Amino acid sequence: MAVVSRKEYIGVSRDALENYKGKQLLFISWDHHLLICAPIMFRADPQTTLGELIDQQLQPLLQADPDAAAIDWNTVQWLKGNQPWVPDYAASLEANGIGHKEQLRMRTPGLNSLVPVN
């Protein structure tokens, strides 16, 4: 959106990495699941492993969905920046190349009880 100003406009980013005391923001969404209808935002240390983030933060939030218990994390299809991506669950967010404000999308073929895929 264009900004019209009477003097020089200096935009200040309130969600810049340096404002999070060594932590970063990460967004994860679950395609074809209406109970998780928008990306979930996480705040994590870049040295946190992806597996730890999933086990400790993501899975508890997914439990409301009837498909959550049936997720086979070895067959989840991941997208990073809308491109297919294969994560290393044992590696840190940083080692996985997951930067500040990155969005990951997960797909679970066959687990689409609330939104059947045509």
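Hi everyone, let's start with the helix: helix 1 lies across strand 1, strand 2, strand 3, strand 4 and strand 5, and runs at about 140 degrees to strand 2. Angles here go from 0 to 180 degrees between N-to-C directions, with axes fitted to C-alpha atoms, for helices over the stretch in contact. Helices (H or I, at least four residues) and strands (E, at least two) are DSSP runs numbered from the N terminus.

A word on the source: this is a predicted model, where local features need pLDDT of at least 70, side-chain atom pairs count only at pLDDT 80 or more, and totals for chains, interfaces and linings use all residues. Residues are numbered from 1 along each chain as its sequence is written, and side-chain values use heavy atoms, leaving out hydrogens and water.

Now the sheet. In what order do the 5 strands of the open sheet come? The order is 2-1-5-3-4, with mixed pairing; two strands pair if DSSP finds at least two bridges between them. Strand 2 and strand 4 (83-85) are at the edges with a single partner strand each, so one side of each has no neighbour in the sheet. From one strand to the next, the twist averages 35 degrees. Strand 3 (residues 77-80) pairs with strand 5 in the antiparallel sense, over 4 bridges, and W78 stands opposite M106 in strand 5.

M106 touches residues including I28, L58, W73 and W78, where contact means heavy atoms within 4.5 Å.

Finally, the rings. Rings of Phe, Tyr and Trp (its six-membered ring) pair if their centres lie within 6.5 Å; planes under 30 degrees apart count as stacked, over 60 as edge-to-face and the rest as tilted. The count comes to 2 aromatic pairs. W73 and W78 have ring centres 6.5 Å apart and planes at 25 degrees, so they are stacked. For W78 and W85, the centres are 6.4 Å apart and the planes at 85 degrees, so that pair is edge-to-face.

Notes:
Lists of a residue's contacts leave out its neighbours within four places in sequence.
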